[in-house]
Structures are given as C-alpha cells and as structure tokens.
Amino acid sequence: MPATNGVQLITYVDRMGGGNLQDLQHLLLNDLSDLFTGVHLLPFYYPIDGEDAGFDPIDHTGVDNRLGKWSDIGALGSHVDLMADMIVNHMSAKSHAFQDVLENAQQSQYWPLFLQRESVFANRPDSDLDKVFRPRPTPFFTDYRLKNGQSIPFWTTFTSNQIDINVESEQGKAYLDSILAVFAKNNIKLIRLDAAGYAIKRAGSNCFMLEETFSFIQALSERAKVLGMACLVEIHSHYETQIEIAKRCDAVYDFALPPLVLHTLFSRDATALTHWLNIAPRNCFTVLDTHDGIGIVDVGASEGKAGLLNEVQINQLVETIHLNSSGESLKATGASASNVDLYQVNCTFYDALKQNDMAYLIARAIQFFSPGIPQVYYAGFLAKENDMTLLNKTNVGRDINRPYISLDELKTDLNKPVVKALTQLIRIRNNTSAFDGEFTHAHTDNVLTLRWELGANHAELNIELDKLEAKINIVEHDVNRDYDLASLIK
C-alpha cells in the first residue's frame with residue numbers, strides 16, 4: 001500500500017483555516033509542520049457546497065475554482081500522501097450528463113449511465129422493493145420529468161439530487177476510468193471508494209454488498225493499482241463483511257473501533273474491544289471520527305448474526321452519547337434532522353466523551369496503538385464541540401461535526417491543552433519505529449495493554465480502566481521513555 005505508516009489528517013480544504021489549497025499547504029508546512037504524513041482531502045470537486053457537501057459532484061474531474069487547481073493538488077501531494085474520494089455510486093442531478101438525459105431522454109448518449117427503476121426491477125413484483133437495504137429514510141427512487149413529458153423513476157440511494165450510476169455499463173466504466181486517470185496525473189496516492197457497497201443492484205436482493213459488489217470493488221482496485229494508487233473501501237456494515245472485504249482489496253476502514261472505544265470508556269470494560277482486536281483486519285485505516293456520524297451498525301447484529309455489542313450495550317452506548325452531549329446529538333440524529341443516516345449518531349467525538357480531556361486522549365491512544373494507519377478528522381484534532389449554530393442553520397444532522405474554522409480560531413485551538421497533548425501523541429506515533437513491527441494485546445485485571453515490537457524496540461500502552469489512567473513506554477535504540485498521559489495535558 002503506497003502510504004507512510006503515520007498519522008493522517010482528514011479535512012475539508014475550506015473548513016480548516018478557511019482558505020484554499022495553497023493556504024492548506026502553507027498550514028501543513030508551517031503551523032502543523034511534520035505532524036501529518038498524509039491528508040485525506042474531502043471532496044474538492046465542483047461544487048463543494050452542493051446538497052451533500054461535495055459528495056454530489058457536478059464535475060468529478062474538476063477542482064472547484066474557489067479552492068484552486070489540479071496543480072495545487074499535485075503540489076500538496078509532493079509533500080504528503082494524498083487521499084481523494086471517488087464517488088462511485090452517484091453524481092449530481094445538475095451534472096451535464098444527467099441534464100442531457102432530461103433533455104434528450106433515451107436518445108442521450110448518457111442514458112445508459114444512470115439507473116432507472118426499470119433497469120433493475122422491470123417485470124418484477126413490488127415485494128422485491130421491500131428487500132432493498134435503505135441507509136436513509138428518504139425514497140430510493142425519485143421521479144424526474146423528461147423534456148418529452150415522460151416521468152421516469154431514477155435510483156437515488158442517498159438524496160434526490162444524487163443520481164445512481166450504472167457502473168456496469170460501458171458509459172459507467174468509462175466515467176470511473178476518467179476519474180482514475182485524473183487522480184493518477186495529480187499525485188493522488190490513495191482513493192477512498194465512497195458508498196461502494198451500493199454500487200451493484202440486483203432484483204430479489206437487498207442491493208447492498210452482493211457477491212457482484214465484491215467483484216466490482218476488486219476489479220476497480222486492480223485498475224487503480226495499475227496506475228500506482230491504492231483503494232480504501234468505505235463500507236458501514238456487519239463486522240464479518242468488513243473482514244471479508246479486507247481479503248479482497250487494499251484496505252478497509254476499521255469502523256468498529258469508534259463505538260468499541262466509546263463502549264470501553266463508558267463501561268470501563270475492554271472485553272468487546274479486545275475480542276475485535278483479535279479478529280480485526282490488519283490492512284485497515286483507523287478513525288474515531290469522520291465527516292459522517294459515529295457508526296453503530298458496524299458493531300450491531302445483522303440478519304441473525306450476532307454483533308460485537310449486544311442490543312442492550314448498543315442502547316446504553318447511544319444513550320450515553322446523548323447524555324454526555326447534553327442532548328445535542330439527539331437533535332442531529334435519526335429523524336430529527338434531514339439528510340442523515342439511520343445507522344449513525346451525529347456528534348463530535350469530544351462531546352461524546354463529555355469533553356473529558358483525559359478520556360479523549362486515552363481514546364486517541366487506543367486508536368494510535370491499534371493495528372492500521374490512523375486518520376484524525378480536523379474537528380477531532382482540534383477537539384471541537386458540537387456546532388449547534390451550523391446545525392440550526394442547515395438542519396443537516398452531520399453538520400454538527402463539520403465546522404467552519406477560521407485561521408485565527410485554529411491558532412487558538414492549537415494552544416488548548418488537550419490539542420497540545422494530542423499533538424505530542426501524534427508525534428510519538430509517527431516517530432516510533434516499533435509501530436512497523438508486530439502487535440500484541442492483553443486484557444488482565446481490567447488493564448488493557450497494547451504493544452508493538454520491532455527487534456529490540458517496543459511501544460506499549462497500558463490503560464487502567466477502573467481509574468481511567470494510561471501510561472506509554474517507548475524503547476527506541478536503547479533509549480527508554482515513559483509518558484503518563486495525564487502529564488501531557490498541562
């Protein structure tokens with residue numbers, strides 16, 4: 001996998017420091033110098049301010065000129081490993097291709113590019129529709145009226161503005177290949193396959209993570225690999241599905257880790273977490289927070305298969321998040337706000353832990369010591385609180401954790417004790433060779449131990465869960481260093 005084994009940043013270009021691509025590069029090379037080995041740039045395509053914060057591209061191969069140019073992307077990629085989103089399932093209804101379909105109907109060259117209801121369910125009973133997995137409470141078909149007067153129900157898995165692509169059509173394959181080609185030319189090393197689990201539809205199935213979907217992901221990953229890029233698959237699903245996907249692609253997200261870390265700190269019991277660490281894929285990227293909510297489905301039961309947490313534990317987890325955030329997460333989750341996922345809780349990770357600096361630092365330490373390449377979301381890096389002003393303005397649940405941060409505010413945040421401590425923790429993770437070695441863990445007498453060894457070097461995290469205390473021991477080239485996490489928060 002073409003990625004340095006260090007901590008990466010996840011950020012929007014314009015929401016962290018309020019600038020453009022050149023400003024972000026200046027920030028990374030100065031105020032955040034040598035802190036992040038890679039950056040996941042959240043959608044920078046035109047337009048960045050669409051219905052779904054860039055995940056509904058009108059032009060997936062064009063940089064929004066408010067942020068800069070492809071040359072700016074390439075320049076940034078010469079300093080850090082760059083990850084970009086490849087939105088494989090859909091594009092904007094305002095795109096040139098879909099507007100041509102509305103204008104010219106079946107005569108449009110792009111007609112095969114988009115999925116209609118009849119593309120999958122022609123002559124099929126309505127009962128087939130009941131089997132389709134719905135990630136959101138909105139309808140999965142939206143009627144669009146063509147210029148010739150026809151009303152056609154198009155697939156819209158996420159929102160009515162996001163028209164699903166027929167990725168199996170020649171036009172669909174050409175569209176995806178055009179994105180890969182542009183990425184490869186502009187220093188993109190990692191591709192996040194967004195919503196890939198919904199890309200293949202078959203009547204009579206739930207249209208989610210089918211066998212054909214695995215094959216599609218594998219084939220797309222191979223095409224990217226030929227161009228010198230690796231793919232990270234973004235799937236929220238049962239943990240066994242993640243394990244299976246990991247066998248057939250470059251990397252997956254460890255989406256089970258965030259709820260398991262919260263459960264561990266809430267209950268002071270690491271049993272479920274240690275079980276997951278026994279079986280979790282090693283070719284993974286770890287996160288605690290992202291531009292989406294905190295996933296719950298990733299630890300839950302599915303179709304008769306037990307989850308990593310049981311129903312009681314999940315309910316306690318969700319209710320504790322709502323309690324810790326003083327009910328703010330409840331206002332942003334489920335049916336309380338539009339355009340939200342049914343399987344996630346919308347809340348900053350810092351507020352989910354009741355703004356407890358020690359608990360937050362321990363959570364990050366667990367993430368950094370768990371197998372995988374760690375990514376830190378910009379709002380989490382700066383320990384931001386829930387943005388209720390933005391939520392109230394947009395009524396989009398996930399905006400509670402998608403703040404716009406000015407450069408002055410960012411510089412102030414960098415001086416917060418918890419952020420200074422997290423920065424030190426990031427440097428420990430980046431500069432310790434043992435993290436390229438072998439991982440072991442133990443859970444004895446309610447002490448959780450995560451350990452890495454490479455030859456004579458090692459890095460060990462010990463957490464006393466009853467006391468919520470943690471210490472790190474590093475041995476590097478015969479130099480012994482000890483860190484008490486509490487002492488990092490000054």
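Thr449 has Asn462 as its bridge partner in S21. The two strands involved are S20 (residues 447-454) and S21 (residues 457-464), which run antiparallel and are joined by eight bridges. Strands here, like helices, are DSSP runs numbered from the N terminus (E, at least two residues, for strands; H or I, at least four residues, for helices), and two strands pair if DSSP finds at least two bridges between them. Another bridge pair brings Glu453 together with His458 in S21.

Before going further, a word on the source: this is a predicted model, where local features need pLDDT of at least 70 and side-chain atom pairs count only at pLDDT 80 or more, while totals for chains, interfaces and linings use all residues. Residues are numbered from 1 along each chain as its sequence is written, and side-chain values use heavy atoms, with hydrogens and water left out.

**The sheet**

Zooming out, S20 and S21 belong to an open sheet of five strands, ordered S19-S20-S21-S22-S23 with antiparallel pairing. Strand S19 (438-444) and strand S23 (479-484) sit at the edges with a single partner strand each, so one side of each has no neighbour in the sheet. From one strand to the next, the twist averages 10°; angles run from 0 to 180 degrees between N-to-C directions, with axes being lines fitted to C-alpha atoms, for helices over the stretch in contact.

S19 also pairs with S20 in the antiparallel sense, over seven bridges, and Phe439 stands opposite Trp452 in S20.

| Hairpin | Residues between the strands | Residue with positive phi | Phi |
|---|---|---|---|
| S19 and S20 | two residues | Asp445 | near 55° |
| S20 and S21 | two residues | Gly455 | near 60° |

The axes of helix H8 (residues 257-267) and H13 come within 10 Å and cross at roughly 135°. In contact terms (heavy atoms within 4.5 Å), Leu257, Val261 and Leu265 of H8 meet Ala359, Ile362, Ala363, Ile366 and Gln367 of H13. For the helix stretches, recall that residues three or four places apart point the same way, because an α-helix has 3.6 residues a turn.

Gln367, found in H13, counts as buried at 0% relative accessibility, where buried means under 20% relative accessible area, exposed over 50% and partly exposed in between (1.4 Å probe, protein chains only). Leaving aside neighbours within four places in sequence, Gln367 is in contact with Leu257, Thr286, Val287, Leu288, Pro374, Gln375 and Val376.

**Helices H2 and H1**

Helix H2 (residues 70-77) is mostly covered, with six of its eight residues buried: Trp70, Asp72, Ile73, Gly74, Leu76 and Gly77. Those buried residues pack against several elements, among them helix H1 (21-29), strand S6 (81-87) and helix H5 (170-185).

In H1 we find Leu27, which is buried with a relative accessible area of 4%. Apart from neighbours within four places in sequence, Leu27 is in contact with Met16, Leu32, Leu407 and Leu410. Leu27 and Leu407 are 380 residues apart along the chain, yet their C-alpha atoms are separated by 9.2 Å.
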